[in-house]
Each structure stands twice: as structure tokens, then as C-alpha cells.
Amino acid sequence: MKFEIDGLPILFPYDFIYPEQYAYMRDMKRALDAQGHCLLEMPSGTGKTVSLLSLIVAYQQFYPEKRKLIYCSRTVPEIEKALAELQRLMEYRKSQGMEERFLGLGLTSRRNLCVNPQVNKQKWGQEVDAQCRNLTAPWVRETAKKERDGDDSMEAGSGSVPLCSFYENLENSDEEATIPQGVYTLEDLKEWGRDNGYCPYFLSRRMLAFANVVIYSYHYLLDPKVADLVSKEMAKDCIVVFDEAHNIDNVCTEALSMDITRPMLDASARSITALATKIDELKATNSEKLQSEYTRLVEGLRSAQISRDQDEFMTNPTLPDDILDEAVPGNIRRAEHFVAFLRRFIEYLKTRLRVMHVVAESPTSFLQHVKEITCQEKKPLRFCAERLGSLVRTLELTDLADYRALQQIAAFATLVATYQKGFILILEPFENDMDTIPNPVLHLSCLDATIAIKPVFERFSSVIITSGTLSPMELYPTLLGFTPVVVQSYQMTLTRACFLPLTITRGSDQVAISSKFEVRSDLAVVRNYGNILLEYAKITPDGLVCFFPSYLYMESIVAKWEELGMLSDVAKYKIIHIETPDAKETQLVMENYRMHCDNGRGAVLLAVARGKISEGVDFDHNYGRAVILFGIPYQYTESRILKARLEYLRDNSKIRENDFLTFDAMRHGAQCVGRVLRGKTDYGLMVFADKRFARADKRSKLPKWINAGMTEACINLSTDMALAMSKKFLRSMAQPFEHTQLGVSLWDEEELRKRQEKEEGYGRQGPGRIELGTAAMEGIVVS
């Protein structure tokens, strides 16, 4: 369908549009016109991605600036989904006579894009990266070229030095290797690369500058190590979108946090010895090389960064541009001096890990201690990551996987010497407080999410943060340190109540149920939770998904259910599947779960909030007719890192500990129950099984669209009452639905035009100008 928003012609690739999609597009256009940032919460399953892409592509093509769209998502399946949606949109625009030069690309890791059969057979991403570098490093190619020059009859990659033919073809083609216009999913990119003999990963990196739409992971913008390589060339007027961004503050803090362990230090010490040997060999054979590196380092790091463009291994986690022009400190310019410097720092860290009590200190205090013990200053530590990268390139090392631990130590040194505020160092000698065998870990934890995301807000004029579960939204501007021009949460327009949120506060025996630490092991609570699972397994068709606050709690309660014989009772009605922390096992669990939902046997999936399944997996239609949330998914509050972050937020952002913990738990809870509804034709039950959900302070932190379905009658239920309401709901959903949705939760072109005329007649009155077409529904209060 075609329509206009404030004079901007939009082509929408479907015959109908949801009212909330129209409102979402209109508010997004306001933010783009104002060249400001916005925060938008759009209900699950209401076509957020297609609305976003339709509006921004139309905006790109209509205005002469042609602002690039950088669309960031969290997982590879979500990137694939967004690329497929963009492909459908561009095909529709073409069918409507729009002849546009347009390139849409996705970028992901080497493991997902590699087409070299020798490399992509590796199981782990790190192994793929290491093998790829061994074939594509500039000095490896230089050695192979010399060998080839000595024997003119030899083809590329056929000598004793192995090369990647796909990468060689790309490099030897100079600027000719460009990809035709169009939108390429990751599979399309691999196929095109295979057919034309080019490496899809490096081709995609090369074409980013020319693409109209780039879709990739958050880390390519938020992690300084990767962003410096991949996103450095992006123009300031790009439109940046963070989709599924409810967890973005955690992504920001994790990007700048790292852990140092004893095995890592041992591996680093071995790497240092290997480096020293290599330096001695080079001194004996080609000492000019080391001297020329020394000269470059005197001139400054920028001149030492030759060939760094392709080299992801030794990137710097933090250094700003002005430092790159400085000369490297004299005591680490010579290779042998730098190796001795690193060796001394590693030995210092080893002595720190021998401490048998918990230590928490600021980077300033840590650096002071380093100086007292080792006489090492802050400045050379700050240059460690770049200096190591320069040395690796000078020594022309392959098998860089062997030096990964050393690179981590150098990155740690750089981070700790660069940032004094917003970080903390915590040394924990034991994995758990009850352990007697030491397993020390030194955590360098970023406590301030604004450090990683601040450059993004400062650099790009429009940043859109959007998700289905952003409530309570008022905390995000404080946590991320920005001022949005539009903040909006949308209701879900429905012609029938297709989801029913229920809060169960007590079991059939009237005993209050909760996952609170004090009562979670109580036999009555365990039995009541088991009874809820059993009864819902009886009445729910096909798939039933249950979420627990943690793996530990899930394991303990499942073991108790087994002792009570409850699991065997559940298994009479549905096959039980359990999520594990292992990604491969979880993938297998999901395949089997879907198979049992499809073949009519029915299945129960026991999963964990904050786990893989709760974040990126959709349980649409028969795969999830009910979701039960057993307890509120609070973080482990005894974690020292969490305590430090809470203290930092309290002191610097005036956010109280309890407010942040509840906000964090409720957004993850909403994310779990939101998995059940993936469209307006879908339906499902949302069961909140914890007495604390009945409290207004908890409910108010759920998204508006879930809260709209929570009437007083659904809030304080026993298991029996909830089951009776659930049976009635499922029976009503099973009936054929004959009411037309048109004009209420669906608008066609004619209906949309009428609404726009009505809007113009009334005059504009703020953000809620067009009334979303809601109709009164049983069990839902219409706002």
C-alpha cells in the first residue's frame, strides 16, 4: 500500500497496516526530522522491523542526502530476519515502479561467512578466525609472493605457503570486485562469493561504505576493539537503529569488561618466552626491521599502523585519536624492552592472584600499587595493546591463536590505564564463597554504560532505540546518558483479546507462592509450582514454555519434582525438554521441542530467563500457547560486580538499588512472556506465578501493552481460579473468528486516508494525534 506521512511518500509491502505501525512510523519521522534520538516501545509481533525499514528506506530515497541506515541487532537469526524483511520491501518497491540504486548488506563473523572449505569446517569461531589470519596476513601473502616470483609457473596458493584463493582473488581484483545492487542475506552473500570466487567476509567489509543499509551486531558499534575497524568510516549523518535494545546497557558494560585468570597468565608467560625467542632470531637475521619499527614508534602510533586495516587480532580497546599521534613511551619502544615490560606486568598479576581474600579497588589504586611494586608507569601500560599489535606485525607471526591470552593481558593493561572513573577491579580468590580450593579471577568491570555508547550518540545525529519490552522507559536516558526527542510506548490494537495475562499468587492449598530465596525451597511452594505445571500441561494445546530465574533454581526444583513423582505425571501429557547452558545442546532441544509440537504429541520446555531461549527464540502459534514465569528473574544479588554497579548508579545517576533491580528483573520477565505472542492472529496465555507480581510497583514496570490486558480480575488468583479462566480463554480462542479486523486493528489504504483527513480536520494535538482503533474486549480495558 502507498500513503504519505507529513509529505513523505511511503511504500508499505502489505495491503493492510496496523494502527500502531502507523503511529510508530510517524513518531520515528519526527525524530529523524529533528535529527535527534528516540526511544520507542512497540508490542511484540506487530511488525516493528518492516515498519522501521519502510519508513527509513522511504526517507533515504526521498531526501537527497541519502542518509545511510545502520541497523544493529543482537543475534545472527535476527540479522537474517531483518535482511529478509528488507529484501521483501525492496522487491515491493521495484514492483511499484521504483527504479533505485540500492545495496543492503549484512555483516557477521568469519565463522558465519567463510566459504573456504579448509577453514569453515572448524567447530569454534576462534579457530576459524585464527586459520583465516594464517592464510590472509599481509606478511604471509608477501612470503608467498616472493616464492611465486622465484617460480613464475606457480599459481597463487599452490606453493609451500598456503593462501586463501577467495581472499587472493578479492585482493588481486583491486577495485573491480564490487557486488551488484540488491539486498543480500548472509546465505546470498556466501553463494555470490562462492560463485565469483571472492571472500564474502572481506567483500562485505569492503562494501560497507557503499551500502545504503548495513545490518550487523551491536558489537560492531559498541565494542571499541571492533568498532574502530569496521565502523570507523561511517558518516556522521547515518541513522542508527538498535533493535531488541531492552538489554543495551548490559551490552555496553560487557564490551569494556574483562576477566584475568591464572591459566590466562600462564599462557601469556609462554607467549612472552616465544616472543623473546622470535626477537632474538630476527635480530640475528634482519635487525633493520626492528630498527625501522623503532623509528616508526618514535613518530607516533598512527604511522605504525600500517596494514592494521585487515588485522582484527591486535586492535586497541580504547585509545582515542589524539593519543595515536603521540610517540610511544621510550621504555617500550625497543622490542626486547617491551617484552621485558610485559613479563614484569604478568608476574605482578600472578602475585596479585595469590591473595586469599576478596579485594575491590579502583583503577587509580591498582595503578598506584603497580607503580610501587614494579616501577611501571601508567602511560606505557596505556600503550600496551597497540605496541603488542605493532610487534606482532613486525615479527610477522602466524598462529595468532597462541597469543590470544597475551593480547587479553595487553588489552587489560590499556583499559585499566585509560579509564579511572566508571570501572572497578575485583579479585575473587574462590569461585564460590563456600569453596576451599582457590580458583582466582581478577575482574575488570565497567560500571557505566555511557562510556561505550557515548561516542555513538555524539557521532551520529539520529539514534533509534527500540524493543518490545523497554518499560519502564524513564530509566534508559539516565542509564545511557542521552536526551531523546521522542519517547513513546504503543498499545496493541486488537479486535479480540488474543492474550491473557494471569497472576497466580497462591496454590490450590492457599499457600502463597514465590521464588524468594527464603521460601523457594519450601516443600509447599515446590509442590504448588509442580501442580501449576501439571495442570497447565493438561489443558494447553501443543507447546507450553516455562521460565525460571536461574539454572541453579531450575535444576533444584526439577530434581524435587522428580522425587515427588510430578515429572512422570507431566510426561503423561507432554514430552519434557530442558534448556542447558551449552548452545549446541539447546539447539538440539529446540529442534526436538518443535518436532513434538508439530506432530501433535505436545511438549513442555523448561528454560531460564536471561538464557538463549528467552532472548532470541519466538514461540509463535502452536509452539507456545502458554508461557509460565516461575518467579521474578532477579539477578544474583550477592554478586560483587552487581553490588559495585548498584553503588555506582546510586552515587552517580541517583538510581536506587531496588529500583534498578526491579527494572532489570521486570524487563527480562516481560521478554520471556512476550515470546508467546508473535502476531495478531496468534494467541496465548501469560502466567506470572509469584505473589510479588500482584503488587502495583512490580506490575507498573511491565510494558503498557501487557498491562492493558491485566484487569483486577486477573491479578490475585489461586491455581484453581487461574485454570478456570485459562480453560475459558483457550476454548474461546479455538472458535472460528468471524469479526472483521478492518477499521479496528487493521487499516487499509482507504481507512488510513480517512483517519488522516480526520486528523487534519481536528488539527495537530501532540504525539497521540490519531486514535488507535481499539474496540472493547472481554478482559481488556481499552485506554
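Gly-197 follows helix α8 and has a positive phi, near 75°. The structure is a predicted model, in which local features need pLDDT of at least 70 and side-chain atom pairs count only at pLDDT 80 or more, while totals for chains, interfaces and linings use all residues. Residues are numbered from 1 along each chain as its sequence is written, and side-chain values use heavy atoms, with hydrogens and water left out.

Helix α8 itself spans residues 186-196, and its buried residues are Leu-186, Leu-189, Lys-190, Trp-192 and Gly-193; buried here means under 20% relative accessible area, with a 1.4 Å probe and protein chains only. Seen down the axis of α8, these buried residues fall within an arc of 165°, so they line one face of the helix, the arc being that of the directions from the helix axis to the C-beta atoms. Helices (H or I, at least four residues) and strands (E, at least two) are DSSP runs, numbered from the N terminus. The elements that cover the buried residues of α8 include α3 (76-95), β5 (103-107), α4 (110-113), α7 (165-172) and α9 (200-207).

One of these covering elements, α3, has an axis that comes within 9 Å of the axis of α8 and crosses it at roughly 85°, where axes are lines fitted to C-alpha atoms, for helices over the stretch in contact, and angles run from 0 to 180 degrees between N-to-C directions. The two helices α3 and α8 are therefore roughly perpendicular to each other, a term that covers angles of 65 to 115 degrees. The table gives the residues that meet, with contact defined as heavy atoms within 4.5 Å.

| Helix | Residue range | Residues in the contact |
|---|---|---|
| α3 | 76-95 | Val-76, Glu-80, Leu-83, Gln-87 |
| α8 | 186-196 | Leu-186, Glu-187, Asp-188 |

Elsewhere, Ile-17 lies in the loop between β2 (8-11) and α1 (19-33), and at 0% relative accessibility Ile-17 counts as buried. Not counting residues up to four places away in sequence, Ile-17 touches Met-1, Phe-3, Phe-12, Tyr-22, Met-25, Ser-745, Leu-746, Trp-747 and Leu-752. Ile-17 and Thr-143 are 126 residues apart in sequence and, C-alpha to C-alpha, 59 Å apart in space.

An open sheet of 4 strands has the order β9-β12-β11-β10, with antiparallel pairing, two strands being paired if DSSP finds at least two bridges between them. At the edges stand β9 (258-261) and β10 (359-361), each with a single partner strand, so one side of each is left without a neighbour in the sheet. Strand β9 pairs with β12 (residues 441-446) in the antiparallel sense over 4 bridges, and the bridge partner of Asp-259 in β12 is His-443.

How values were computed:
Buried means under 20% relative accessible area, exposed over 50%, partly exposed in between (1.4 Å probe, protein chains only). Angles under 35 degrees count as roughly parallel, over 145 as roughly antiparallel, 65 to 115 as roughly perpendicular and the rest as oblique.
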